[in-house]
Amino acid sequence: MAEEIYNAGNADIDKIEALPVDEDGIIEYVNKDMLIGDIIAKYPDAALVLMKCGMHCVSCGVSAYETLDQACAVHGLYTDDIMKVVNDFLTQTLAGEAAEPQ
């Protein structure tokens, strides 16, 4: 099932911005305090992963004000598990491109 989730977006790498990387080469991972709306705005394919996990609130108006932690609580999901799935997906689909020197 994890493999299905990682490939859920069938991401078109050419149309997705690389993950933000700081001067040390650290990728900005999704965390529990990020708003759902901000996650989707920054990483559009993350919406597909969240929906596969049972969080269909990605298009809900509340997503602009609800953190990942709050959304997980509402849907009865473990925040740490969802963060891992989303970050693994982002790392697999985008990190290689972000890690390459510009």
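Visitor: What does buried mean here, and what does exposed mean?
Guide: Buried means under 20% relative accessible area, exposed over 50%, and partly exposed in between (1.4 Å probe, protein chains only). T67 counts as buried because its relative accessibility is 15%. This is a predicted model: local features need pLDDT of at least 70, side-chain atom pairs count only at pLDDT 80 or more, and totals for chains, interfaces and linings use all residues. Residues are numbered from 1 along each chain as its sequence is written, and side-chain values use heavy atoms, with hydrogens and water left out.

Visitor: Where is T67, and which residues is T67 in contact with?
Guide: T67 lies in the loop between α3 and α4. Helices are DSSP runs (H or I, at least four residues), numbered from the N terminus. Contact means heavy atoms within 4.5 Å. Leaving aside neighbours within four places in sequence, T67 touches K32, D33, M34, L35 and I36.

Visitor: How many residues has the largest nonpolar core?
Guide: In soluble globular proteins, nonpolar side chains tend to be buried together. A nonpolar core is a set of buried Ala, Val, Leu, Ile, Met, Phe, Trp, Tyr and Cys residues joined through side-chain atoms within 4.5 Å. The largest here has 23 residues; V30, I36 and M55 are among those with the most contacts inside it. Two or more residues each come from α2 (36–42), α3 (46–52), α4 (68–75) and α5 (79–99). α5 gives the most, with six.

Visitor: Which side chains meet in a salt bridge?
Guide: A salt bridge puts a side-chain nitrogen of Lys or Arg within 4 Å of a carboxyl oxygen of Asp or Glu. The count is one. K84 and D88 form a salt bridge at 2.6 Å, N to O. They are about one helical turn apart, because four residues separate them in helix α5.
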